[in-house]
Amino acid sequence: MKTYKRTLTIAGSDSGGGAGIQADIKTISACGCFATSAITAITAQNTEGVFAIHAIPPEIVEKQIQVVIDDIGTDSVKIGMLNNSETTVAVKRALSKYDINKIVLDPVMVSTSGHKLLEDAAIQTLIEQLFPLCHLITPNIPEAELLLGRKITSQEEFPDTVKELAEKFNLSVYLKAGHLDGDSFYDIFYHLPTKSSKILHGKRVKTVNTHGTGCSLSSAIAAFWAKHDDINVAVENAHQYIQKAIFEGKDYKIGNGHGPINHFFEILNK
């Protein structure tokens, strides 16, 4: 019998379909894995913003994770929006029961506009409870600044910053440069076990369709990691996938605000 490579995403729902669980499932599927999910919160959301959030009870989040893994299993896990401390603890409790060695955490703590999405207590819970279980985090610049307690002002700081994050929290780090100005930039991946860095060059695409980029990147890494034991291959493939998805989605019009990337560009462009 054939088997699927499986990736479980634990995140919030985006009713507009551009980010969160919806973006994760699209990404994981497009990258060739079977997507399962545990929803942490329901949002009333579209391309213009988030209008309401309803947290799922922590015991239901925990039960979703348990029943999926007990029956279907998983080869990797992506964790996104957790909403509060209680949910974070529930996720940690659920995942701790299993031997999963490919867990990617997108530390959703700061919005694109710079607003904190988690209270200080919830951020501390995330660091204390989940970071020790995870193998890779994918912060953007505002999130990295929050984790380090200082500003990051230039691309030149990236090599030292990503290493500092990895050593401080004892895990590998993919630091995203999208918040920097300029047409060209690079993300950087630091692999803690080998103490090696990989620079991933990008070219800025002029488009408003970037909603869900961070969710999709972490999901792509988790999916490609499920398929390839070499995390460097997974990171490189995920970076290329996101660059292509942004480029191929740049000319589409959907909604009145920030549209999504084109997750299924290989199918939609045929």
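The second largest cavity of this predicted model has a volume of about 30 Å³; a cavity here is a set of points, on a 1 Å grid over the protein atoms alone, where a 1.4 Å probe fits but cannot get out. Volumes are the space filled by probe spheres set on the points, which are joined across faces, edges and corners. Its lining, meaning residues with an atom within 4 Å of a point, comprises Gly80, Met81, Leu82, Leu105, Asp106, Pro107, Val108, Leu118 and Leu126. By class these are seven nonpolar, one polar and one charged, where Ala, Val, Leu, Ile, Met, Phe, Trp, Tyr, Cys and Pro count as nonpolar, Asp, Glu, Lys and Arg as charged, and the others, Gly among them, as polar.

Leu126 also belongs to the buried residues of helix α4 (residues 120-130), together with Ala122, Ile123, Thr125, Ile127 and Leu130; buried means under 20% relative accessible area with a 1.4 Å probe, protein chains only. These buried residues pack against β4, α3 (85-95), β5, α5 (141-148) and α6 (158-169), with contact taken as heavy atoms within 4.5 Å. Helices (H or I, at least four residues) and strands (E, at least two) are DSSP runs, numbered from the N terminus.

Strand β2 (residues 34-46) pairs with β3 in the antiparallel sense over six bridges, pairing requiring at least two DSSP bridges. Overall, nine strands form an open, mixed sheet in the order β3-β2-β1-β4-β5-β6-β7-β8-β9. Because β3 (49-55) and β9 (196-203) stand at the edges with a single partner strand each, one side of each is left without a neighbour in the sheet.

Two helices lie across these strands. Helix α7 (residues 213-227) runs at about 170° to β4, while helix α8 (residues 231-249) runs at about 10° to β9; axes are lines fitted to C-alpha atoms, for helices over the stretch in contact, and angles run from 0 to 180 degrees between N-to-C directions.

Residues are numbered from 1 along each chain as its sequence is written. In this predicted model, local features need pLDDT of at least 70 and side-chain atom pairs count only at pLDDT 80 or more, totals for chains, interfaces and linings use all residues, and side-chain values use heavy atoms, with hydrogens and water left out.

Key: 1 Å grid on protein atoms, 1.4 Å probe; cavity = no way out; pocket = protein on both sides within 12 Å on 5 of 7 lines; lining within 4 Å. Buried < 20%, exposed > 50% of the residue type's maximum accessible area, 1.4 Å probe, protein only.
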